Amino acid sequence: MVTIESDVLLLFYCLWNTTEAIPVILDVVSEALFTDYIEKIEEIKKQLEKMKKESVRRKVPEDNVKPKIFNYFYYRVEHYKTTPCYVFSTDYRHLDRTKDRDGICYSDAQSRTHFIRLIDMDAPFSSSGQRYNIFRIKVRRGRGTLIIDSKEYPLCCSEEGNSQEEMREESSSNDKQMLDMWMRECEELKVHLVGKMADAQWTENLFVSANDRQYIKKYAGQCEKRIESLLITICNQREML
């Protein structure tokens with residue numbers, strides 16, 4: 001004896017003994033027909049949330065990664081518009097992570113190198129001496145970075161820091177592969193769901209009424225929306241990597 005899925009709908013009329021129980025029975029029976037889809041969706045969502053947390057953790061540089069010291073006094077600021085550019089290590093350590101401080105960026109006439117210093121806005125602002133091309137900036141300390149005028153720039157770190165950056169890049173690549181796999185699985189779920197609802201059993205089963213078929217079709221539509229929503233979340237996460 002072969003049992004087909006549409007036979008399950010007969011339970012609509014067998015499991016209740018009060019009219020108040022009917023909506024609950026309809027949901028329970030309908031959900032049973034789509035358990036495989038729901039479990040797969042929830043499994044991917046759980047793994048995706050775990051990936052998000054790990055991704056956020058990796059993006060925050062570890063406090064034990066120390067910037068590399070240059071010429072005994074400076075940290076080098078990477079990718080700033082005035083390169084090479086250095087910030088005094090003592091100034092950096094006195095910066096706050098939540099509040100901007102006033103600073104200047106200037107070019108040294110001898111070394112043709114730019115430096116960033118904190119300044120006291122109550123003191124006179126002068127461009128005298130061996131400094132030129134001076135302009136004011138707002139600076140704040142990040143985690144292994146220097147935030148200049150609200151834009152974040154990494155500091156040159158030791159080989160240990162570079163190694164950790166390589167590990168982050170490798171993890172990001174692995175995350176993309178996982179996200180691509182989940183996208184394919186979601187697309188396969190959609191195709192399988194369409195095929196499931198196109199099966200002739202839903203129209204040829206003499207014991208399945210039009211109302212029964214309509215209810216299952218509605219539930220399948222809700223399942224498809226959950227898959228689409230998950231797909232959007234996966235795509236958004238991939239764009240953030």
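The buried residues of helix α1 (22-33) are I25, V29, S30 and L33, where buried denotes under 20% relative accessible area, exposed over 50%, and partly exposed the range in between, with a 1.4 Å probe and protein chains only. These residues lie on the same side of α1, because they cover an arc of only 120° around the axis, the arc being that of the directions from the helix axis to the C-beta atoms. Helix α1 has 12 residues and reaches 17 Å from its first C-alpha to its last, close to the 16 Å expected at 1.5 Å a residue; the expected span is 1.5 Å times one less than the number of residues.

The model is predicted, and local features need pLDDT of at least 70, side-chain atom pairs count only at pLDDT 80 or more, and totals for chains, interfaces and linings use all residues. Residues are numbered from 1 along each chain as its sequence is written, and side-chain values use heavy atoms, with hydrogens and water left out.

The chain comprises 6 helices and 8 strands, assigned as DSSP runs numbered from the N terminus (helices H or I, at least four residues; strands E, at least two). Along the sequence these elements follow the pattern α-α-β-β-β-α-β-β-β-β-β-α-α-α. Of the 241 residues, 33% count as buried.

The largest nonpolar core contains 27 residues, and F34 and I234 have the most contacts inside it. A nonpolar core is a set of buried Ala, Val, Leu, Ile, Met, Phe, Trp, Tyr and Cys residues joined through side-chain atoms within 4.5 Å. Two or more residues are given to this core by each of α1, α2 (35-59), α4 (159-198) and α6 (210-240). The most come from α6, which gives 8 residues.

L10 is placed in the segment before α1 and is partly exposed, at 30% relative accessibility.

A total of 13 salt bridges was found, each defined by a side-chain nitrogen of Lys or Arg within 4 Å of a carboxyl oxygen of Asp or Glu. D102 and K138 meet in one of these (2.5 Å, N to O). This pair links distant parts of the chain, with D102 in strand β4 (residues 101-108) and K138 in strand β6 (residues 131-141), 36 residues apart. D102 is partly exposed at 23%, as is K138 at 38%. Within helix α4, K190 and E187 lie 3 residues apart, about one turn of the helix, and form a salt bridge with the closest N and O atoms 3.9 Å apart. K190 counts as buried at 18% relative accessibility, whereas E187 is partly exposed at 39%. Salt bridges that share partners also join K40, E43 and E185 into one network.

N71 lies between β1 (69-70) and β2 (74-77) and is exposed, with a relative accessible area of 59%. H79 lies between β2 and β3 (85-88) and is likewise exposed, at 67%.
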